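Let's take a friendly walk through this protein, from its rings to its helices and its cores. Keep the structure open beside you as you read.

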Amino acid sequence: MIPIRIHETDREGFDEPVVELWRDDEFVGMVFHDGERTIVQIYPTEDADVHDLDLEDLLRSLDLARAIVDPEAFEVGEFSQIGAEAATADEDWEGEHPATVALLEEFDPHAAYRSEDGEGFFPRDVAGRFISRCEELGLVVVEMEGFDLIDGELAARPGLDLVVEPQPFMEPKEFRTYANAMAADTLESWPDRATLVVAFVFQQPDGETIVA
């Protein structure tokens with residue numbers, strides 16, 4: 001069954017961000033906060049049929065969406081039982097922001113190399129998807145560095161690095177889009193070669209930075 005993908009966005013008529021639920025290019029529904037409670041809307045399929053959704057995947061996605069639209073709800077005790085189990089399945093991620101858990105669960109298996117302290121290095125094509133997924137999840141790429149992975153060894157490459165500084169005149173969402181767009185443009189300018197791998201540091205909505 002196709003997993004649910006979430007995407008944070010602004011919608012006309014909503015004062016706060018809305019989280020859309022998608023399966024590939026099919027719109028499933030959306031989650032938003034009305035000032036008092038979190039609301040989920042599930043829409044019919046394009047041919048007016050019903051969506052068959054995996055329960056655990058749906059609950060995990062709704063827990064993550066709720067944490068995005070209503071950060072005050074991010075307490076383990078308020079998560080659904082299945083969603084909480086999914087979000088803390090790996091002991092190393094217990095207590096992490098759910099957006100970080102979703103990102104790492106998706107991309108950890110795609111690291112081409114890991115250092116002794118656990119830092120991941122991702123192939124160029126994976127790195128592009130990593131940046132896009134950060135934008136969808138409300139995460140910000142704040143540091144990026146390129147290396148060549150040759151015969152299992154990392155070789156530093158001068159000039160292949162990016163550090164995005166906070167912009168005090170920008171709202172958090174504006175800075176996120178600005179930083180992620182800069183990361184995507186910078187990656188596009190780097191050499192297109194099979195040996196290139198990329199390391200990331202990203203920022204959670206609460207301001208904490210994480211090494212991928």
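In this predicted model, the count of aromatic pairs comes to 11. One of them joins phenylalanine 175 and tyrosine 178: their ring centres are 6.4 Å apart and their planes meet at 40°, so the pair is tilted. You can find both residues in helix H5 (residues 172-189), three residues apart, or about one turn of the helix.

Are these two partners buried or partly exposed? Phenylalanine 175 has a relative accessible area of 9%, so this residue is buried. Tyrosine 178, at 30% relative accessibility, counts as partly exposed. The cut-off for being buried is under 20%.

Other rings form a group: Phe107, Phe122, Phe130, Phe200 and Phe202 are linked into a cluster by ring pairs.

**The cores**

Some of those names come back when we turn to the nonpolar cores. The largest core has 43 residues, and Leu103, Phe130, Leu137, Met144, Phe200 and Phe202 have the most contacts inside it. Which helix gives this core its largest share? Helix H4 (residues 124-137) does, with six residues. A second, separate core has five residues, among them Phe121, Leu149, Val197 and Ala199. In soluble globular proteins, nonpolar side chains tend to be buried together.

Leaving aside neighbours within four places in sequence, leucine 103 touches Phe130, Arg133, Cys134, Leu137, Leu139 and Phe202.

Now visit valine 197, from the second core. Valine 197 sits in strand E9 (residues 196-203). With a relative accessibility of 3%, valine 197 counts as buried, because the value is under 20%. Which residues does valine 197 contact, apart from its neighbours within four places in sequence? They are Ala112, Phe121, Phe122, Pro123, Glu145, Gly146, Phe147, Leu149 and Leu154. Take glutamate 145 from that list: it lies 52 residues from valine 197 along the chain, yet their C-alpha atoms are separated by 8.4 Å.

**Helices that meet**

The protein has five helices and 10 strands.

| H1 and H3 | within 8 Å | roughly 135° | five nonpolar, no polar, two charged |

Where H1 (residues 55-69) and H3 (residues 98-107) come together, Arg60, Leu64 and Ala67 in H1 meet Pro98, Ala99, Ala102 and Glu105 in H3. In the other pair, the H4 side includes Arg124, Ala127 and Ile131, and the H5 side includes Arg176, Ala183 and Leu187.

**The whole chain**

Let's step back to the whole protein. Of its 212 residues, 42% count as buried. How many of the contacts between residues at least 6 apart in sequence join residues at least 24 apart? The share is 54%.

Methods: Residues are numbered from 1 along each chain as its sequence is written. This is a predicted model: local features need pLDDT of at least 70, side-chain atom pairs count only at pLDDT 80 or more; totals for chains, interfaces and linings use all residues. Side-chain values use heavy atoms; hydrogens and water are left out. Helices (H or I, at least four residues) and strands (E, at least two) are DSSP runs, numbered from the N terminus. Buried means under 20% relative accessible area, exposed over 50%, partly exposed in between (1.4 Å probe, protein chains only). Contact means heavy atoms within 4.5 Å. A nonpolar core is a set of buried Ala, Val, Leu, Ile, Met, Phe, Trp, Tyr and Cys residues joined through side-chain atoms within 4.5 Å. Rings of Phe, Tyr and Trp (its six-membered ring) pair if their centres lie within 6.5 Å; planes under 30 degrees apart count as stacked, over 60 as edge-to-face and the rest as tilted. Axes are lines fitted to C-alpha atoms, for helices over the stretch in contact, and angles run from 0 to 180 degrees between N-to-C directions. Ala, Val, Leu, Ile, Met, Phe, Trp, Tyr, Cys and Pro count as nonpolar, Asp, Glu, Lys and Arg as charged, and the others, Gly among them, as polar.
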